Amino acid sequence: MYKRIRKQLNGMLGTESQPRGACSGEVHVPDFEPHRHIRLLTFNIQVGISTSSYHHYLTRSWQHFLPHRRRIENLDRIAGLLRGYDVVALQECDGGSLRSGYINQVQYLAEAAGIPYWYQQLNRNLGQLAQHSNGLLSRFRPLDVCEHRLPGLIPGRGAIIARYGAEDDPLVLVMMHLSLNKTAQQKQLGYIHELISQYQHVVLMGDMNNHAEELLSGTPLKEANLVPLPETAHSFPSWRPERALDHILVSPSLEIRRSEVVSYPMSDHLPIAMDIALPKGYLETF
């Protein structure tokens, strides 16, 4: 289907249509395979805008409002990266407005990457101008997926929670995009901590707009006992990474087999990748 969408975009960028649905459904999505390690990726894609210098925030700012032919090429390149992962958290996607050529970017990336399950969370609906969204892409069938609106002075931040495996002891993945404001972050992470406090195997992933040391020592996450990436895992800005704003944080029960900042500058953020394995005791429940 993504080829048809791409042809449509190349043929006309101004034709209006309604944004696509929010979920691909679970048809043809394989069941969760707990014996395998899971390849995770989180990526703030900046609605498909390629940024390689601070001055691009000014010179390319119009692309946040209007369509651009190179955006679809950027999405295709991003999809090429996503093919190597099992579960992907996406931030700053467009759900189908003028600037994206009325393409649901979460759906497009899932289909272009050959990932059968996708879920789009619409966080800020500006009608035909913009459909600010988070996204989940998954090769496995989740037990369930739910979305949450995160608290804050300015609405428009959200989290997606996907549970996998055993109903009584699931693997819980939380995908989020936090506010820039530190007071709002405190409220948002307090809300998230309440959601995850009952679970043993948890992964938090996304653009958290803060460094791990502050997240795990100065916010409600200090009670969550999560393991961060190395302090050197800088993801922003993509052309000269100096700040660690994108994270994958995991419970101690999950074995980290590999983690890295992926050198793939297609946005103003670099993607973060991690391979995890479930504990032996957990696997014996299947």
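The model I examined is predicted.

**Pocket lining.** The lining comprises 24 residues, and I noted a pocket volume of about 520 Å³. I then looked up which residues lie nearest the centre of this pocket and found N44, E92, R157, H177 and N209.

**Strands at the pocket.** I asked which elements each supply at least two residues of this lining, and recorded β2 (87-94), β3 (117-125) and β4 (131-138). Of the elements, β4 gives the most, namely three residues.

**Nonpolar cores.** I next turned to the largest nonpolar core, which has 28 residues. Within this core I listed L40, L136, Y164, L171, L173 and V203 as the residues with the most contacts. Two or more of its residues come from each of β1 (38-44), β2, β3, β6 (158-166), β7 (169-177), β8 (201-207), β9 (246-250) and β11 (272-277). Apart from this core I found another, of 26 residues, including L41, F43, A112 and L137.

**Whole chain.** I counted seven helices and eleven strands in the chain. Of its 286 residues, 54% count as buried. For contacts with a separation of 6 or more, I noted that residues 24 or more positions apart account for 71%.

Technical notes
Residues numbered from 1 in each chain as written. Predicted model: local features only at pLDDT ≥ 70, side-chain atom pairs only at ≥ 80, totals over all residues. Heavy atoms only, no water. 1 Å grid on protein atoms, 1.4 Å probe; cavity = no way out; pocket = protein on both sides within 12 Å on 5 of 7 lines; lining within 4 Å. Points joined across faces, edges and corners; volume = space filled by probe spheres on them. Helix = DSSP H or I, 4+ residues; strand = E, 2+ residues; numbered from the N terminus. Core = buried A, V, L, I, M, F, W, Y, C linked by side-chain atoms within 4.5 Å. Buried < 20%, exposed > 50% of the residue type's maximum accessible area, 1.4 Å probe, protein only. Contact = heavy atoms within 4.5 Å.
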